[in-house]
Amino acid sequence: MTEPPRFSQYQPRALEIIDTTLRDGQQTSLLHDHYKYFFTRTDKEEIVRALIIYGVKFIELFAPLVSPQERDDWAALREVRDSLITQKGYTFLLAHVRCHPRDVESAVEAGADGLNFYIGTSNESRSFNHGNDLDTIMRKAATLLDEVRRNYPHLILRFSGEDAFRTREDDLCRVYDVVAPYVDRLGTPDTVGVATPLSVARRIDVLRQRYPTIDLEGHFHDDRGFALYNTLEAVRHGMRYINTTLLGIAERSGITSMTALLFNLYIDREFDKLEGYHLRGSYPINVLAADKLKMLVPPKEPVSLTNRTHTAGVHQNAVLNDASTYEAHPLDLFGVNETEILLGPLSGWNIIHYFLKEIRYYPIEEATAKEIATVFKERVYQLAPDISPEQVLIDIAEQQFGLARLELPKAVTPIVQRLDSTATTRPPASNGVTLPRHSVEIF
Ligand code: HCA
């Protein structure tokens, strides 16, 4: 049966995020650190749902043949995607595949909308990974892509020379010359994090000149801490497709964080790149991902509550006078404010622990937070319109668990008071852009 040619009907935006949380994100060591090891089916369904509601149109998953679990999850994730088509339009599910017919078959069987092909092209990959020389890579890739293009004309095809930034420019172009006739995008993964903004700009200029009609895709690892800078440089140089993950989780030190990228594009006033992304959902989606990993949103993530937490008494006083003293950025537009932080049925125990301890100043152990979270999850489903989830949580904490707020010294005003006051005194965003309001319950 021929699939409808959906991609050809889609008009790509100035910036298309290809989220790879469920592919490269699953290669993060954090899953091991926290004894979690893999995302469950439910985790994946919730993440896909949240990404689609956030406005992401391309989601990369493992090739289904990676494991029976991955294969079965494909069907479940397609169902989630299908259930949101009326509300959010179509979202393309892409399979990350080796240049191997079995990978292709499994992805086609699973109903993938596109195939993200990759094969190592650097000396290192050629010598120590697959052992093929450049001519073999070219022959293999071109033959397979030609066949796939002919048999499955509706599929979106991407080709990446893995380790592109350690691949000589001439070598990369030789390979890309032979695959270019078949693909919709050419990837330039910085697999081991060696790129710099300068090398990114140069590489993109070369590729754009040589393949003017093919979109480029970036995937930047953070080994030097440059992933975000490299991505911003790539976007400025006209790269339309960018791989990101929630919280930037991926192999080793990770890749570009989705919300960090969009936040920075906003700060740099690149508003055309933000079309269709629900920026107010940024913090909630980060909380969701962190919760899955059994941690808090990391402090190095720009869209985090940490950037609104002031501990030094002097800072707190200044912030009470005017929040801009220590807060330069409009994080509230990205959902970092009290109404967005919490507290839907999916709020995990760690955000509940954080909320009660750091924001509401209850002395509380993790074990108690876990118990409260269980009670809260039951109660929150029975919410009346005039009772906030936060009030339910506080009632549980105080009445059922006997917690009492810490008395603070006068100079230390709880952050919540500050947030309440800044909510009304903080000037609106100065750029005149109206952002859609988005609340946490959707996740
Ligand atoms: C991998 C490597 C990869 C692939 C990126 C891509 C990388 O985990 O297989 O397919 O574009 O960083 O090169 O993530």
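Okay, hi everyone. Some ground rules: residues are numbered from 1 along each chain as its sequence is written, and side-chain values use heavy atoms, with hydrogens and water left out. Since the model is predicted, local features need pLDDT of at least 70 and side-chain atom pairs count only at pLDDT 80 or more, while totals for chains, interfaces and linings use all residues.

Let's start with strand β2, residues 58-62. Helices (H or I, at least four residues) and strands (E, at least two) are DSSP runs, numbered from the N terminus. Is β2 buried or exposed? Buried means under 20% relative accessible area, exposed over 50%, partly exposed in between, with a 1.4 Å probe and protein chains only. Five of its five residues are buried, so β2 is largely enclosed by the rest of the structure.

And who are its neighbours? Two strands pair if DSSP finds at least two bridges between them. β2 pairs in the parallel sense with strand β1 (residues 16-19), over two bridges, and there Ile18 has Phe58 as its bridge partner. β2 also pairs in the parallel sense with strand β3 (residues 92-98), this time over five bridges, and Leu61 stands opposite Ala95.

Now, rings! Rings of Phe, Tyr and Trp (its six-membered ring) pair if their centres lie within 6.5 Å; planes under 30 degrees apart are stacked, over 60 edge-to-face, and the rest tilted. How many aromatic pairs does that rule give? The count is 15. One of them is Tyr10 with Phe92, edge-to-face, at 5.6 Å centre to centre and 70 degrees between the planes. Tyr10 sits in the loop between α1 and β1 and Phe92 in β3, so this pair ties together parts 82 residues apart in sequence. Both Tyr10 and Phe92 are buried.

Then there's Tyr54 and Tyr277: their ring centres are 6.4 Å apart with planes at 40 degrees, so that pair is tilted. Tyr54 is in helix α3 and Tyr277 in the loop between α12 and α13, 223 residues apart. Tyr54 has a relative accessible area of 0%, and Tyr277 has 3%.

There's a cluster too: ring pairs link Phe7, Tyr10, Phe58, Tyr90, Phe92 and Tyr241.

Last stop, charges over rings. That takes NZ of Lys or CZ of Arg within 6 Å of the ring centre and within 35 degrees of the ring normal. Arg203 lies over the face of Phe165, 5.7 Å from the ring centre, and Lys370 over Trp349, at 4.6 Å. Thanks!
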